[in-house]
Amino acid sequence: MIEPINVSLESLNLGTIVPMSVAIIGALAIILTDIFNTNKHKSLYVILVVLFLVFDLFTLLAFSGDERGMFDIMLLDGIAILSQCIIIGGAILFVLLGLSKLRFQEFRYAEYFALYLLAIAGLQFMVSSDSLIMIFVGLETSSLALYTMIAMHNRMVSIEAAIKYFTMGALTAGFFVFGSMIFYAITGSVELAQIAQVVTQDGFLSKENYANYVLVLVGFVFMFAALGFKLSLFPYHTWVPDVYQGSTSAMAGFLSVVPKMAGFVVALRFFEIFIHANDAIIQTMLYVTVILTMTIPNLIALQQKDIKRMLAYSSISNAGMAMAAIVIGTHQATTALFLYWILFTITNFGAFGMLWLNRGKEYNDYESPYTFKKFSGLAQISPFTASILGLFLFALAGLPPFALFWGKMYLIASAVNAGHIALAVIIVLNSAIAAYYYLRPVSYMFLRDPEVGISNTKFMQNATTPMKSVVGFAVLLAIISILLVEPLLNIIGTYVTNSGF
């Protein structure tokens with residue numbers, strides 16, 4: 001007879017799941033609020049989301065127990081805490097864009113905001129575990145919520161975007177499960193720490209154990225494809241421009257930074273096993289992918305005539321630059337990854353936020369309101385709007401002294417210090433290419449006259465005082481970023497060191 005297992009609440013260490021539980025409880029609370037208050041304004045739900053996310057962040061930072069919990073499935077180490085802070089911070093910024101002047105379809109429903117919190121909870125689970133099963137549960141929770149949120153915009157182009165994202169997501173899920181199955185068959189575990197112990201032991205990946213090596217490569221390729229889709233790495237990036245264009249600017253900006261932070265943490269935990277094993281084939285595969293992810297979307301972005309699609313391709317290239325930090329694999333590079341993504345979150349939020357402030361309703365499903373021509377002569381029509389949007393484009397281009405410049409500098413320094421001189425040169429060259437296409441819309445705004453009929457267009461028609469305040473806060477952060485770099489590096493370095501990276 002099988003003996004029953006005695007489980008104590010103390011051994012479960014429930015503190016490790018409290019932050020995610022706050023987000024889930026918040027989602028349920030919003031739905032219940034809607035049942036009893038059907039006529040409440042949408043701003044109520046935005047404020048509720050912000051309050052629950054702030055409380056989520058508070059419980060996360062207040063956690064001080066053992067990093068393992070829930071039968072050792074949860075892992076709330078320094079990397080998990082740091083990445084969750086970035087995810088929650090980014091989520092708070094982007095949900096405040098829901099305080100828009102125009103009432104769009106999705107913001108009329110409480111379910112949209114409940115799904116938003118569930119997506120954040122899923123991303124938190126992804127980064128707070130080294131169990132492939134829990135990572136998969138978090139991945140699917142967040143993905144299913146995001147598919148629905150994109151479709152809720154209720155335009156044909158948005159429904160198409162949701163279907164494309166869902167199709168790619170289903171493929172991602174299949175790849176992830178198949179890769180996990182192979183690693184479980186080889187090592188007898190789905191926990192990355194135990195997989196690392198088996199894979200890195202002497203002789204396991206030697207030429208004598210050829211069958212083991214082939215299976216590891218096959219499993220790696222499936223996991224690499226799954227993470228490639230999530231992080232939009234080349235050649236798994238093809239869904240990004242269409243999905244971003246079909247989404248609202250607020251949702252596209254959210255997709256470009258927040259879910260990718262969770263993907264980078266999973267990639268960091270998984271890829272470091274093979275980077276430190278010094279396997280030539282896997283390292284070459286990662287190196288080539290990073291270079292192509294930085295370069296190909298940059299070249300495609302040069303051909304774009306729409307700001308939103310241009311920003312979509314630029315987000316792919318920036319994901320490649322952040323991924324370079326994982327390939328480098330040093331402590332300084334891991335610190336550079338988080339610094340780079342914090343600064344990228346600020347600048348990308350500002351760019352997509354400005355597009356959202358200028359959003360109107362008077363256009364067809366398949367007509368973009370963000371073509372370069374529609375911004376021609378904006379400096380003559382609305383100098384302040386042109387200046388703020390131009391500032392964020394300068395920041396994305398990596399021009400000093402704005403935010404992303406310092407992230408790129410630290411990333412390049414980590415590559416040089418680790419001996420990856422060629423990679424550093426490629427990052428610099430791609431930054432130069434990116435500067436050209438970021439400055440193209442700036443030239444339309446400041447160096448051209450308004451197009452015929454454009455002068456009557458109302459800019460900033462979706463803006464409200466709270467939204468302007470949030471974007472203004474991002475402007476301030478982008479300008480004074482040099483004062484933030486040193487404190488951020490100290491905080492990030494502490495958390496990264498505590499995690500053993």
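Q: Let me begin with the classes: Ala, Val, Leu, Ile, Met, Phe, Trp, Tyr, Cys and Pro count as nonpolar, Asp, Glu, Lys and Arg as charged, and the others, Gly among them, as polar. Into how many nonpolar, polar and charged residues does the lining of the largest cavity divide?

A: Bear in mind throughout that this is a predicted model. With those classes, the lining of the largest cavity consists of 6 nonpolar, 3 polar and 2 charged residues.

Q: What is the volume of the largest cavity, and which helices each supply at least two residues of its lining?

A: A cavity is a space in which the probe fits but from which it cannot get out, and in this case the volume of the largest cavity is about 110 Å³. At least two lining residues come from each of helix H6 (132-151), helix H7 (156-187) and helix H9 (210-231). In total, the model contains 5 cavities of 30 Å³ or more.

Q: How many residues of the lining of the second largest cavity are nonpolar, how many polar and how many charged?

A: The second largest cavity, with a volume of about 80 Å³, is lined by 10 residues, and those closest to its centre are Phe 94, Val 95, Tyr 112, Tyr 116 and Ala 250. Its lining divides into 9 nonpolar residues and 1 polar residue, with no charged residue. Helix H4 (78-95), helix H5 (110-127) and helix H11 (249-275) supply at least two residues each, and H11, with 3 residues, gives the most.

Q: What is the volume of the largest pocket, and which residues lie nearest its centre?

A: A pocket, unlike a cavity, is an open set of points, and the largest pocket here has a volume of about 490 Å³. Of the 18 residues that line this pocket, Cys 85, Ile 86, Gly 89, Ile 342 and Leu 488 lie nearest its centre. Two or more lining residues come from each of helix H3 (43-62), H4, helix H14 (331-357), helix H19 (465-479) and helix H20 (481-498), and H4 contributes the largest share, 6 residues. By class, the lining of the largest pocket comprises 15 nonpolar and 3 polar residues and no charged ones.

Q: Which residues have the most contacts inside the largest nonpolar core?

A: To read a nonpolar core, one follows buried residues joined through side-chain atoms within 4.5 Å. The largest such core in this model has 179 residues, and the most contacts inside it belong to Tyr 116, Phe 264, Phe 271, Leu 311, Met 323, Phe 338 and Phe 392. H11 provides the largest share of this core, 19 residues. Beyond its neighbours within four places in sequence, Phe 271 is in contact with Phe 220, Phe 224, Leu 227, Leu 286, Met 323 and Ile 326. There is also a second, separate core of 5 residues, among them Met 20, Met 74, Phe 125 and Met 134.

Q: How many salt bridges does the structure hold, and is Asp 77 buried or exposed?

A: The structure holds 3 salt bridges. In one of these, the side chains of Asp 77 and Arg 269 meet with an N to O distance of 3.0 Å. Because Asp 77 lies in the loop between strand E2 (74-75) and H4, and Arg 269 in helix H11, this pair ties together parts that are 192 residues apart in sequence. Since buried means under 20% relative accessible area, Asp 77 is buried at 6%, and Arg 269 is likewise buried at 7%.

Definitions and conventions
Residues numbered from 1 in each chain as written. Predicted model: local features only at pLDDT ≥ 70, side-chain atom pairs only at ≥ 80, totals over all residues. Heavy atoms only, no water. 1 Å grid on protein atoms, 1.4 Å probe; cavity = no way out; pocket = protein on both sides within 12 Å on 5 of 7 lines; lining within 4 Å. Points joined across faces, edges and corners; volume = space filled by probe spheres on them. Helix = DSSP H or I, 4+ residues; strand = E, 2+ residues; numbered from the N terminus. Buried < 20%, exposed > 50% of the residue type's maximum accessible area, 1.4 Å probe, protein only. Contact = heavy atoms within 4.5 Å. Salt bridge = Lys/Arg side-chain N within 4 Å of Asp/Glu carboxyl O.
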